[in-house]
Amino acid sequence: MRSISIFGVTGSIGENTFDLIMRGGGPAAYRTVALTGARNIKRLAEMARALDAEIAVTAHEECLPDLRDALAGSGIACAAGQGAIAEAADRPADWVMSAIVGAAGLVPGMQALRHGGTLALANKESLVTAGPLLMATAAKYGATLLPVDSEHSAVFQALLGEEKAAVERVIITASGGPFRNFTLDQMRAITLAQAVAHPNWSMGQRISIDSASMFNKALELIETREFFDFAPNQIEVIVHPQSIIHALIGFCDGGIMAHLGPADMRHAIGFALHWPRRGPVPVERLNLARIAALNFEAPDETRFPALRLARDVMETRGLSGAAFNAAKEIALDHFIGGNLPFLAMAEVVEDTLSRLSRQNSLQIAATALEDVLGMDHLARKTAAEAVKTWQQGR
Ligand code: NAD
Ligand code: MG
């Protein structure tokens with residue numbers, strides 16, 4: 001029986017993973033090692049009971065008594081805190097889903113790789129902040145790393161059986177989000193409610209806002225560079241409002257392979273779950289006649305400067321991805337808190353990167369996880385200063 005763990009099981013990716021596992025037979029087909037969540041204790045306990053997990057872990061110490069109550073009599077162990085999540089990742093499992101949001105997903109993912117199983121990676125921040133370390137750790141321990149971001153799963157699938165040297169370019173698609181047709185003036189007044197309402201995908205709050213600002217696509221450019229090791233100038237973004245094509249590979253003979261699928265993350269999750277075979281996944285089948293048209297347009301880096309900033313990160317590499325992501329997380333916190341306008345997020349990230357670049361700290365390559373965590377910490381502090389500067393400038 002295959003053993004599994006799901007980190008971030010109560011989130012959008014976590015729920016979709018849980019759905020596939022339950023449809024695939026649940027506890028009769030899988031032995032569940034660890035499930036982790038944050039504040040939604042009721043749901044975490046429900047899922048842990050449904051899968052008869054060995055351990056359920058909440059990220060927050062103050063939620064532990066509630067989790068203990070919710071699991072009373074089940075025989076399921078419980079724990080709390082980031083340390084406990086890392087320890088849960090130290091329990092070997094054959095297949096591990098990394099679906100915590102943000103830089104908090106890095107440590108458990110790295111820990112899980114050391115057991116040499118399969119890590120299904122939804123947490124794109126792991127690759128953005130520590131790509132080379134993550135890939136080296138997977139190689140060192142013989143672990144399999146599978147992309148779960150829809151675009152990267154699409155690239156992975158379109159590359160199967162192909163020679164990497166024959167690839168000219170990799171194109172990932174972007175829906176363009178809710179503000180695709182907004183003018184810069186309209187973008188100055190964007191509210192939180194507008195930013196979380198994604199036209200095509202149902203996702204967690206943070207990634208939905210990142211999609212609206214195209215910070216999500218910026219992270220995905222870096223993710224593509226780190227996972228597949230193509231040169232930055234081989235990687236492109238095209239806006240495709242229908243979100244039917246997820247990625248395209250252009251080959252040296254002029255041919256292009258495209259990956260199409262419904263906007264349902266269970267396709268990419270299911271692909272990673274069944275890998276190296278293909279198995280049935282209960283997503284809607286595309287009716288191409290009804291879709292009728294697929295549209296494309298060039299991305300606008302003036303209204304969506306995150307894309308331009310990502311280009312710098314792809315060139316610099318080193319610790320710049322960790323800095324970029326941390327600054328973005330701080331700017332996002334301030335936008336969600338109502339303290340920073342939508343467009344100012346990119347200004348704060350750019351200012352943070354230029355402050356850190358003046359200290360010559362961005363191009364240094366990480367030799368250990370501590371280097372990445374150190375930059376994450378420094379960049380959060382620097383970004384908080386950049387936010388203050390921005391607010392004083394008003
Ligand atoms: P979400 O916000 O819906 O869920 C996040 C999960 O992480 C929840 O279980 C939450 O309890 C947990 N969590 C939050 N903060 C935590 C912390 N500090 N420590 C430990 N656990 C914490 O997010 P999501 O939309 O499911 O996205 C998860 C990851 O997958 C992100 O990295 C995102 O970029 C990536 N991703 C998501 C989608 C999607 O369709 N939702 C698509 C592609 C990639
Ligand atoms: Mg994606």
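**Group meeting: domains, sheet and magnesium site**

The C-alpha centres of domain 1 and domain 3 lie 28 Å apart. This is a predicted model, and I will start with how the chain is divided. The domain assignment gives domain 1 as residues 2-147, domain 2 as 150-263 plus 287-301, and domain 3 as 318-394. Where domains 1 and 3 meet, the contact takes 10 residues from domain 1 and 12 residues from domain 3. About 790 Å² is buried between domain 1 and domain 3, and carbon and sulfur atoms give 74% of that area.

In what order do the 7 strands of the open sheet run? The order is 4-3-2-1-5-6-7, and the pairing is parallel. Strand 4, residues 77-80, and strand 7 are the edge strands, each with a pairing on one side only. On average, neighbouring strands of this sheet are turned by 15 degrees against each other, ignoring direction.

Two of the pairings can be followed on the model. Strand 1 and strand 2 run parallel and are joined by 5 bridges. In that pairing, Ile 6 stands opposite Leu 35 of strand 2.

Helix 1, residues 12-23, touches strand 1 (2-7), strand 2 (30-37) and strand 5 (95-98). The direction of helix 1 makes about 160 degrees with that of strand 1. Helix 2, residues 41-51, also packs on the sheet, touching strand 2 and strand 3 (55-58). For helix 2, the angle is about 170 degrees with the direction of strand 2.

Last, the metal. Which residues are the protein donors of the magnesium ion, ligand 2? They are Asp 149 through OD, and Glu 151 and Glu 220 through OE, at 2.1 to 2.2 Å from the ion. Along the chain, the donors follow the spacing D-x1-E-x68-E. Asp 149 sits in the loop between strand 7 (144-147) and helix 7 (150-159), while Glu 220 is in helix 11 (215-228), so this pair ties together parts 71 residues apart in sequence. Are Asp 149 and Glu 220 buried or exposed? Both are buried.

Conventions. Residues are numbered from 1 along each chain as its sequence is written. Chains are lettered from A and ligands numbered from 1 in the order in which they are written. This is a predicted model: local features need pLDDT of at least 70, side-chain atom pairs count only at pLDDT 80 or more; totals for chains, interfaces and linings use all residues. Side-chain values use heavy atoms; hydrogens and water are left out. Donors are N, O and S atoms within 2.8 Å of the metal (3.2 Å for Na, K and Ca); water is not among the atoms, so sites may look incomplete. Helices (H or I, at least four residues) and strands (E, at least two) are DSSP runs, numbered from the N terminus. Buried means under 20% relative accessible area, exposed over 50%, partly exposed in between (1.4 Å probe, protein chains only). Two strands pair if DSSP finds at least two bridges between them. Axes are lines fitted to C-alpha atoms, for helices over the stretch in contact, and angles run from 0 to 180 degrees between N-to-C directions. Contact means heavy atoms within 4.5 Å. Domain bounds come from an automatic or database domain assignment. Buried area is the accessible area (1.4 Å probe) that two parts lose on being put together, summed over both.
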